[in-house]
Each structure stands twice: as C-alpha cells, then as structure tokens.
Amino acid sequence: MKRTWLIQFRKSKNLTQEQVATSAFIDRGYYSQVETGKRNPGLNIAINIAKVLDFDPLMFYQEHLDHTSFDKVSDYKISEYFRSVDSGEILYVYNSLESHFQHVITFLISGFEKKSYCLIIDHQKNCYQLQEVLGTILTDSEILNYIHFFNKEDLKGFDNRDVVNNLVLQNQFDHFNSIRIWLSEEPNDQNDWLSLLEKHWTMDIKLHEKNILFIRSYNASLISAAMHIKMMRNYPHLMTDLEIVDSPFYKFSNKSFIFPSLFIQKNM
Amino acid sequence: MKKMISLTKYVDVPNAAHILYFFENNNNYIENLLAYIKDGLERGHHLLIIENPTIYTMVEPLIGKQFSNEQQKCIHYIDNYSFYGYYGDFHVHNIVENFGEILKPFFKDEISIRTWAHVEWKKLDDISSELEEFENLADCSVNGMGLMSVCAYAATDLSASLQTTLMRSHEYVMTDTELVRSSLYRNTKGLTP
C-alpha cells in the first residue's frame, strides 16, 4: 500500500526523492519503492530515512499491523519512553490486543536499537506472530542474538523457580549491559517469574550492575480493579494502551503523596 | 489560582473535587462514609448520600449516635437503586439531569453541599461505555457546580479496564486505606523519563 504519510513528510520538507535517498544512503529507485509500498525498509534504512525526514522510524512498522484505531500520537510517547529508558518496572493493563502487540514490537525494536537483550515470555501463538512481524524488520541473526522467546505452554507443569534457575538464567547475558523482559498474563505473587528473576538479579552483584527493564502485561477486562490496585502498589510505572504514567499507589515513590483514607485521617 | 478547601484537616483540595473510591471492605467503607459526613458537617455543609438500602440501614444508627438532631437534618439520603435505575436501564443523561434537579434547591438557597454516591447497576449488563459517558458528564457537572463529590465502586465487581477509564475522569482516587491523585486524570500528567 502506498505510504502517503511518508510522501507528505517528504513534501513538507520540500525534498525530492533523490535528495532523501542520497541523504539516507540508498538509491532513488529503492526509496521510490519504499514510498509506493513495494518495499519494506530494513531497520537501518528505516532509521536513516526517518532521520532525514525527522519522524519516528517505528512509524514504518506500525503500518504493518493495520490499526485503524491506534492512537499514533500517544504511541509515540510510549515508543519515546522505550527508547529513552534502560531500566524500570512497568505494569501494563491493556484494553486492545492490537495495541498490546504493537507495544511489544516497539519494546523489542527499541531494545534492539539500544543493544539490549530481550526476553519475551508469552503463549506460543503470540510468540509466532511477534516473530513474523519482527522478521520483516530484523534479520534472522539479529533476532537470534538479541531476542529470546519463551513459550509458556512448554513450561507448564514446571515450578517457576526451576524454570527461572534452569532455563532463563542459562541464557548468555554477559555481553549485554541491559536486559528487557516482557511477561504476559502471569499470576502475580512472590513466586512468579518476575519476582523470582528480580530476586536472582538483585542478589547477583555482577548482574545487578546491568540495567533491567521489566514489563508485566494483563488484559484489563480480565482482572479486577481490586487486583489492579494491589499491583499498582508494587510497580512504579503504570502503562495503558495510550500512555505511561507514575503509578499513583506505588509505595516507594518519592514523586506522589499517598495520604491515608478519610477515616484513618480522622483517627490520627 | 484555584480556591482550595479542606477535604480533611490534613488535605486541601480545590473547591470542586471529584473523588473516585474503590472499596473492598464494607466496614472501612462505612467508616470512610461517616468520616466524609463528619468533615462536611464540621464545615457547615449539607450531605447528599446516594446509597443502597442495605448499607444505609447499617449507617443510619451510627449517624444517629454520632451526630446531633440539628446535624442530621443536613444529611439527605437517596436510594441508589432508584437513582441509577438499578432495575431498569442505566440512562446516563436522565441520571445526570436528575442529579442536577436534586441539587438545584440547595444552590438556589446558597447551601454548600457535598455528595457521596455508591454507583451500582445490574450485574449482568455491560455498561462500561455508559459509565464512561456518565462519569465524564458528572466530572463536568461537579467542576461546573463547584461540588465535592465521591463516587464509590466495589473494587472486586469492577474490571481494571473500567477502573482505568474512571481514573481519567476523577482527579482523586481513594481505596479503603489510601487517598492519592490520579496520574491518569485528563491524561495530562504523562511521565517524562
């Protein structure tokens, strides 16, 4: 499909196809095919074109997913966030599966740009879909070297502790300064994946020096408000399909004030 | 600069404050309701309590015990089942219009009033879009009328999806034990890394 948005970006800068192509180190014919939608640029070319025309290179990949209702302005904020931070813990409750999928892609691509190692723990079919889209953006060896998918179905029946000890920690993280982990739809308790991983890594001095960005995502219609509040107390950042904000209930925040409720204040 | 008033002796809020309360424990809920009534009465405000008959039957004797007859005259009760059309449809515009009509005489007589509304609906119905519209309209009304208002929801009956939506239309969020500012309110407070 023709990329009219790309043509508009170029025209708004008063540039010809030739000028953009030269600045992006590609030939005009190739660039023209990118505009007409006949070719999908690889990541490096996408970045170069985006630099010349001053937009977010992830715009090339959002269009793959055909999200008519997706809010690109807000997504830009989230992609900016993923590209700016190396560490943190984020609780994501999503309303739209498409947005969730889009954000995982953004998380992985921005992780790759930052040379972070990424772990995705999700159902097999979701992993396949992610790999399919990533295959249009990254090479096989880039995916192999930077992204590891864990199929949750394969791990059923194993104790979370054993899985973390025997599988996840056997991965080679030594060459990476930062690690990103996205965990979908897992029960939240002291013995869940993320809690166990965090315990391991905070105990291990060598790994502790690494930056770790955790995201735990849930379908917002499948968890109760009560559970959501409980989790918000443990996560510094809260993400929705549209934005990332400070979690208002995060116990250890120095940014927000948590007052006692009315009757507790009365009894003080 | 916005005029600030005291919600409690520790917390000042703008004159129009829309507070979203997710409760889990009935005893704490009743304690918070009584504290809200007490704070209002101490500041010479009237209270409009939109509550279900079961809970209000438990609250009534406590009101009788804690407040003088004169003070009790300032507490006005409305059955929330009929207010929200519990047995029928959740008609957003009717509810908001009705709310305005109920408050009109107080405004006419320049009486300050605070409201507490326990929002309930038929459990089988998915009314998320109606609730979103209702709370957006209610937020405008609350701000427009300079009201202090609490909207209470049972946290175990509500999805996180609806909760997130509601946090966009309420500046303050309360639980049984905490009171915070909603970081999703009006979606204006995005985090900058």
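Reader: Which strand of chain B do bridges join to β8(A), and do the two run parallel or antiparallel?

Author: First, the ground rules. This is a predicted model, where local features need pLDDT of at least 70, side-chain atom pairs count only at pLDDT 80 or more, and totals for chains, interfaces and linings use all residues. Residues are numbered from 1 along each chain as its sequence is written, chains are lettered from A in the order in which they are written, and side-chain values use heavy atoms, leaving out hydrogens and water.

Now, strands are DSSP E runs of at least two residues, helices are H or I runs of at least four, and both are numbered from the N terminus. Two strands pair if DSSP finds at least two bridges between them. Here, β8(A) is joined by two bridges to β9 of chain B (residues 178-181), and the strands run antiparallel. Phe259(A) has Leu179(B) as its bridge partner in β9(B).

Reader: Okay, and how much area do chain A and chain B bury between them?

Author: Buried area is the accessible area (1.4 Å probe) that two parts lose on being put together, summed over both. For this pair that's about 3400 Å², with 63% of it on carbon and sulfur atoms. Over in chain A, Leu262(A), Phe263(A) and Lys266(A) lose the most area to chain B, together 21% of what that side buries.

Reader: How many salt bridges are there between chain A and chain B?

Author: You're looking for a side-chain nitrogen of Lys or Arg within 4 Å of a carboxyl oxygen of Asp or Glu. The count here is two. One salt bridge links Glu243(A) with Arg168(B), their closest N and O atoms 2.8 Å apart.
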